[in-house]
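Dear colleague,

Please find the structure below, handed over for your study. My findings follow it.

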Amino acid sequence: MGESMQGLHRSHRCTEVSNQNIGEAVTVMGWVQKRRNLGSLIFVDLRDRSGILQIVFDEDIIGAEGFAKAGTLRSEYVIAVTGTVNKRSAAVNEHLKTGDIEVAAKSLRILSESETPPFPIEENSQTKDELRLKYRYLDLRRPDLQRNLMMRSKVASLIRNFMEKEGFLEIETPMMQKSTPEGARDYLIPSRMHPGKFYALPQSPQLFKQLLMCSGYDRYIQISRCFRDEDLRADRQPEFTQIDMELSFVDAEDVMDVNERLLQYVFQEAIGVKISLPLPRMPWQEAMDRYGTDKPDTRFGMELTDVSETVAGCGFGVFTGALESGGSVRGINVKGQGKMPRKKIDKLVEFAKGYGAKGLAYLCVNDDGTYKSSFAKFMEEAQLQALAEKMQAEPGDLLLFAAGQNKMVWNVLGALRLEMGKELGLMDENQYNFLWVTEFPLLEWSDEEQRYMAMHHPFTMPMEEDWDKIDSAPGEVRAKAYDIVLNGTELGGGSVRIHRNDIQEKMFEVLGFTKEKAWENFGFLLNAFQYGVPPHAGLAYGFDRMVMHMVHADSIRDVIAFPKVKDASDLMSEAPESVDKVQLEELGLMLADPQ
């Protein structure tokens, strides 16, 4: 049983007590991290969100009854202690903020007892994720997770501070919206008042923030919850947080400028990292050609090389076949790995197949300048030499090649480059390489839908100089879109929006929307655009991803208080769960029999 507070007030958090307080009386409260009983003295490490403070129970000071009570303490008991701050009697603990002091307890109150926790509450827990997430309220007591969530709070506060000074207004947009089936799947909410009709949870506040620009609010920001019902990957959550913004009377340069200064301010203030401005920029096409991805990690080299011209007309059918069907042959040079065992190379071939490749060709440059290759018998010595020269290969290097349609080749080599970079330890986690990727294609072809889809969304402004190709070569039209990339992660993305009705209608037509369908889905936005709309542009960051990079977490789950697992369920609260039949009837819903 726990005792009550009975007028007791906490004077300090654990690590707010310092050697400045020596000789003072303090009252501290928290959880018992551990207890050591030395017979005449009992030592307790007391923990709260600020850290750990050592408490000493001495029978001569606290009395026999208090000392006996201290002997009953166990891990995770919640206690209140009043006592005097002293210099440590034993050795100083360099690893603790309060390592040179302790509190000699004069009184002890056990506020709450605890069962033995299912796993130790400690940093860098080795406990399986499933168990930690089932008992997330205990997992969240761990100091490393608490530091992550405190950092998250600090970053949100810094962003609000900076943006307010830049003239942004924080405005909330609705959580219950109309479903707009362009992009990922919506989470739907049935309406009781309108049987058979549904709201959708927002995938982003996109349409509403554009409406706020139509309404003259000029600069909007929101730290906003967003929801997507998609198949989860390691760093996706069904609900996540966006730092969402929109600006009026601007072009791409203005948006990039304010965001560069925002990032510089937040990274300096939150984690002491200096970012020099302006940030580098790279057009989408260059990013794909050099790194095989539109979110390149520029902390290391190993860039892709297009060797299509070098291998044209060679005797290797895989290469020539790819070129004949309009594809390319590209490679990466893994420096110093020419002696990689065949078994390991076979593993890389399997890895490449996972990204759509039929296989992977390799060429090892031996120390004596000779070659060992999976395709040597199809090529003459001079051709192999020309290929090695094109790849700037030196003795001891391993060259890996993929051949096929550009999209697949980029995909395979981009992933392979990251895999090798990770394996060879080429990425410094204390290096923060920011990059703007610009000039994205406006549209991408979907084999599944057999039509062009918007690469960002249907409201993205095309580059004026490309607009005349919209009918003849829609795939070549570039967009006024920009992504901010950090160490190979897309941190945020945005674009200049279409504010002209004629361009917007044409865009819907290219995307395969009839005029009726476009108005049915986006009518309220198109309507608003008839009443004077300013040129506007915006950007949104994945807030969880940003904080994840700042604290070097392995997953966004480590910076979200109550995350979901891969199948979008919550192991702690057991959501989603079936609901009462009466609730379904009220909503006019009937469930199909599970197959």
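Two strands pair if DSSP finds at least two bridges between them; strands (E, at least two residues) and helices (H or I, at least four) are DSSP runs, numbered from the N terminus. This is a predicted model, in which local features need pLDDT of at least 70, side-chain atom pairs count only at pLDDT 80 or more, and totals for chains, interfaces and linings use all residues. Residues are numbered from 1 along each chain as its sequence is written, and side-chain values use heavy atoms, with hydrogens and water left out.

Eight strands form an open sheet with mixed pairing, in the order 6-9-10-22-21-20-17-11. Strand 6 (169–170) and strand 11 (281–283) are at the edges with a single partner strand each, so one side of each has no neighbour in the sheet. Within the sheet, strand 17 (residues 434–438) and strand 20 (residues 481–486) run antiparallel and are joined by five bridges. Trp436 has Ile484 in strand 20 as its bridge partner.

Which strands does helix 5 (residues 206–214) touch as it packs on the sheet? They are strand 9 (219–227), strand 10 (239–248) and strand 22 (536–542), where contact means heavy atoms within 4.5 Å.

Helix 13 (residues 501–510) has buried residues (under 20% relative accessible area, with a 1.4 Å probe and protein chains only), including Ile503, Met507 and Phe508. The buried residues of this helix pack against strand 18 (443–446), strand 19 (451–454) and helix 14 (515–528). After helix 13 comes Gly512, with a positive phi near 85°.

Yours sincerely

Note on methods:
Axes are lines fitted to C-alpha atoms, for helices over the stretch in contact, and angles run from 0 to 180 degrees between N-to-C directions. Buried means under 20% relative accessible area, exposed over 50%, partly exposed in between (1.4 Å probe, protein chains only).
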